[in-house]
Amino acid sequence: LLFNAGVLESLSVLPYTPDCFILHDVDHIPEMKALLYRCSDQGVFHMAQAVDRFDYNLFMYEYTGGVSAMKREQYESINGFSNLYMGWGCEDEDLYVRIVAKGLTLVRVAKEVSRYRTLPHIPNYPNWFWDQQISGVDRERFPNLKDIVDKDGSNTERYDYNKFLQEGAPTRIWTDGLNTARDLYMLEGVSKFHGFTCIHVRPDQEEIHKTGIKYIIQLEESMEKEKEL
């Protein structure tokens, strides 16, 4: 949702019309000066295939996360991101589904150049992730990771919700995305500085979750009908 909001509002408030959007996780810091931030006419530009938490290897073939770049027409052609994922997990795989469905190419920057380190923060993935390969860097940073991550189980609940949403990703491309994002957040203000502009938005978490549950129920009903056939 926040990427969609950023695209929509930047097109509204900036004194120029942006034609290239860098979709950047705030905790990713580039390591190589040779990494040029740009978009590609050849397809969606994935700039973070070599990240420290994945031992500088591609996490999985469908991975589009970390840092990606899209031209405006590319972003609009896939209807942007889904608005409905909450917390950590599955939104990148959903984006991959949209890229493939539109027939776009995923262009990956060579891993010798697309290297990122991540800033330390307590992760918001489920507790059972604490001993997985994906959490190796976090275990080094937080020796007590098992005891501090997902203490109340809420991360697990959000992740399960996200996994259900991901199952129905192909069915929501044109009904959940850039064209519905403004129904799910409020623009609270715009702060302009010499080198950048801050766009302040407040997501409607209750409506997001309500809409997500609606799609999950529809998916479950559809699967039940398929079983009956």
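**Strand pairing and salt bridges in the predicted model**

Strands E1 and E5 run antiparallel and are joined by five bridges, where helices (H or I, at least four residues) and strands (E, at least two) are DSSP runs numbered from the N terminus, and two strands pair if DSSP finds at least two bridges between them. Within this pairing, leucine 23 stands opposite serine 68 in E5. The structure is a predicted model, in which local features need pLDDT of at least 70 and side-chain atom pairs count only at pLDDT 80 or more, while totals for chains, interfaces and linings use all residues. Residues are numbered from 1 along each chain as its sequence is written, and side-chain values use heavy atoms, with hydrogens and water left out.

E1 and E5 belong to an open sheet of four strands, arranged in the order E1-E5-E3-E6 with mixed pairing. Strand E1 (20–24) and strand E6 (106–108) form the edges, each pairing on one side only. E3 and E5 pair in the antiparallel sense over two bridges, and serine 68 in E5 is the bridge partner of histidine 46. By contrast, strand E3 (residues 44–46) pairs with E6 in the parallel sense over three bridges, with valine 44 opposite leucine 106 in E6. Strand E5 (residues 67–71) is mostly covered, since four of its five residues are buried; buried means under 20% relative accessible area, exposed means over 50%, and partly exposed lies in between (1.4 Å probe, protein chains only).

Side chains of opposite charge can pair when their charged atoms come close. With a salt bridge defined as a side-chain nitrogen of Lys or Arg within 4 Å of a carboxyl oxygen of Asp or Glu, the count comes to 13 salt bridges. One of these joins lysine 71 to aspartate 41, with the closest N and O atoms 2.6 Å apart. This pair links distant parts of the chain, as lysine 71 lies in strand E5 and aspartate 41 in the loop between E2 and E3, 30 residues apart. Aspartate 41 counts as exposed because its relative accessibility is 62%.

Another salt bridge is formed by aspartate 176 and arginine 98, whose closest N and O atoms are 3.8 Å apart. Aspartate 176 lies in the loop between helix H6 (154–167) and strand E8 (185–192) and arginine 98 in helix H3, so the pair ties together parts that are 78 residues apart in sequence. Both aspartate 176 and arginine 98 are buried, and salt bridges that share partners join Asp94, Arg98, Arg172 and Asp176 into one network.
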